[in-house]
Amino acid sequence: MSLGALIAMSGGTGTLEEVSEVISLIALAQFDAPCILFNLNGFYDDLHALLSRTSDMGLCSPRRQRGIHFAHSLEEMADILAPLR
């Protein structure tokens, strides 16, 4: 699937379900656009730690997570999106 990018804001279980689906598609190399989680006030800190832990334990390679980004500001999002211009 080819899109410009997916940006996830803070949200509830529906947002979590959609984000986990995109993360799976990225890991399976079926989604080639960046997935940016807007980590406002640390909302996605625990998910970031979980993904890091899966890599540290050898359960998922960093290559499979290469399209997943955590941005704390609009400027960080712009930096991630800059190569797409």
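Q: How do you know that the span of helix α1 agrees with its number of residues?
A: In this predicted model, helix α1 covers residues 13-27, which is 15 residues. Helices here are DSSP runs of H or I with at least four residues, strands are runs of E with at least two, and both are numbered from the N terminus.

A quick note on conventions: residues are numbered from 1 along each chain as its sequence is written. Local features need pLDDT of at least 70, side-chain atom pairs count only at pLDDT 80 or more, totals for chains, interfaces and linings use all residues, and side-chain values use heavy atoms, with hydrogens and water left out.

Q: What makes a set of residues a nonpolar core, and which residues have the most contacts inside the largest one?
A: The set must consist of buried Ala, Val, Leu, Ile, Met, Phe, Trp, Tyr and Cys residues, joined through side-chain atoms within 4.5 Å. The largest such core has 15 residues, and V19, L37, Y44, L47, I68 and F70 have the most contacts inside it. Two or more residues each come from α1, β2, α2 and β3, with α1 giving the most, 5 residues.

Q: Which residues does L37 touch?
A: Contact means heavy atoms within 4.5 Å. Leaving aside residues up to four places away in sequence, L37 touches A8, V19, Y44, L47, I68, H69, F70 and A71. Another core, of 5 residues, lies apart from the largest one, and I36, F38, A71 and M77 are among its members.

Q: Why is G11 called partly exposed?
A: The relative accessibility of G11 is 33%, so it counts as partly exposed. G11 sits in the loop between β1 and α1 and touches F43 and Y44, not counting residues up to four places away in sequence.

Q: Why are A29 and N41 called exposed?
A: A29 has a relative accessible area of 59% and N41 has 77%, so each passes the over 50% cut-off. A29 is in the loop between α1 and β2, while N41 is in the loop between β2 and α2. Phi is positive in A29, near 60°, and also in N41, about 55°, although N41 is not a glycine.

Q: How do you know that the protein is as compact as a globular protein of its length?
A: Its elements come to 3 helices and 3 strands, running β-α-β-α-β-α from the N terminus. The globule rule is 2.2 Å times the number of residues to the power 0.38, with the radius of gyration taken over C-alpha atoms. For 85 residues the rule gives 12 Å, and the radius of gyration is 12 Å, so the protein is as compact as a globular protein of that length. Buried residues make up 33% of the 85 residues.

Key
Expected span 1.5 Å × (residues − 1). Buried < 20%, exposed > 50% of the residue type's maximum accessible area, 1.4 Å probe, protein only.
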